[in-house]
Amino acid sequence: VIDIDVVDHVAITPSGVLAVETKFRGRTPPAVAAARHRDDLAAAHAAARKIRLLLQAHQLRDAAPVIPVLLVWGPGAPSLSSGHRLEAGVHVLDGEHPALWVHLFTAPTVPERIRQEIAAQLQAFLAARDQHQARASDALRRQMWRAFRAGTREARTDRQRYKQLQRALRHRRRPAAEEG
């Protein structure tokens, strides 16, 4: 299982690449639960699309099927007596009872060599993303400190001008006070 920020989890199984969205379901009114479920199904489709695009970028789009998965658990999770169901093209799985559905993804249809290549490409993507974020973070930090220093210099200059103005005003008042 690989954690990628664009998707909750990615699992490379013998039968394909699982794009897994995980959702805890608390007790909610039926209308709210139904709306959340529709949104979660859409999120699972979107996650699978993101992984397909990532694989396509590495010429691996058709190497293995990408399977959208919605893993649910909690007191408001839908009742899944068999542990799973296919709903709108998404495998909805019972997160509390994986033994009921794990067999769905163990059929060896994707060769080990392809699974290893997919895993290597996903790891390379994560490493490249992390390097990019580190460089961008360093550049942003440098830019922030430059702005901070510039702001500090500007504030110091403003304080100096204010003090000069106060001195000038004090000097102007003294002669007028001495005359009176």
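Leaving aside its neighbours within four places in sequence, which residues is Val66 in contact with? This is a predicted model, and in it the partners of Val66 are Val17, Ala19, Ala48, Ile51, Arg52 and Leu55.

Next, the cores. Val66 belongs to the largest nonpolar core, which has 16 residues. Val17, Ala19, Ile51, Leu55 and Ile118 join Val66 as the residues with the most contacts inside this core. At least two core residues come from each of strand 2 (7-13), strand 3 (16-24), helix 1 (30-57) and helix 2 (112-179). Helix 1 gives the most, five residues. Another core, of nine residues, lies apart from this one, and includes Leu18, Leu71, Leu93 and Trp101.

Now the charged pairs. The count of salt bridges comes to six, and I will go through three of them.

One is Glu112 with Arg115, where the closest N and O atoms are 2.2 Å apart. Both residues sit in helix 2, three residues apart, so about one helical turn separates them. Glu112 is partly exposed at 42% relative accessibility, whereas Arg115 is buried at 16%.

Another joins the side chains of Arg129 and Asp130, at 3.1 Å from N to O. Asp130 is partly exposed, with a relative accessible area of 41%. Arg129 has 19% and counts as buried, because the cut-off for buried is under 20%.

The last one I will show is Asp158 with Arg161, at 3.2 Å from N to O. This pair also lies in helix 2, three residues apart, about one turn of the helix. Here Asp158 is partly exposed at 38%, and Arg161 is exposed at 52%.

Definitions and conventions: Residues are numbered from 1 along each chain as its sequence is written. This is a predicted model: local features need pLDDT of at least 70, side-chain atom pairs count only at pLDDT 80 or more; totals for chains, interfaces and linings use all residues. Side-chain values use heavy atoms; hydrogens and water are left out. A nonpolar core is a set of buried Ala, Val, Leu, Ile, Met, Phe, Trp, Tyr and Cys residues joined through side-chain atoms within 4.5 Å. Buried means under 20% relative accessible area, exposed over 50%, partly exposed in between (1.4 Å probe, protein chains only). Helices (H or I, at least four residues) and strands (E, at least two) are DSSP runs, numbered from the N terminus. Contact means heavy atoms within 4.5 Å. A salt bridge is a side-chain nitrogen of Lys or Arg within 4 Å of a carboxyl oxygen of Asp or Glu.
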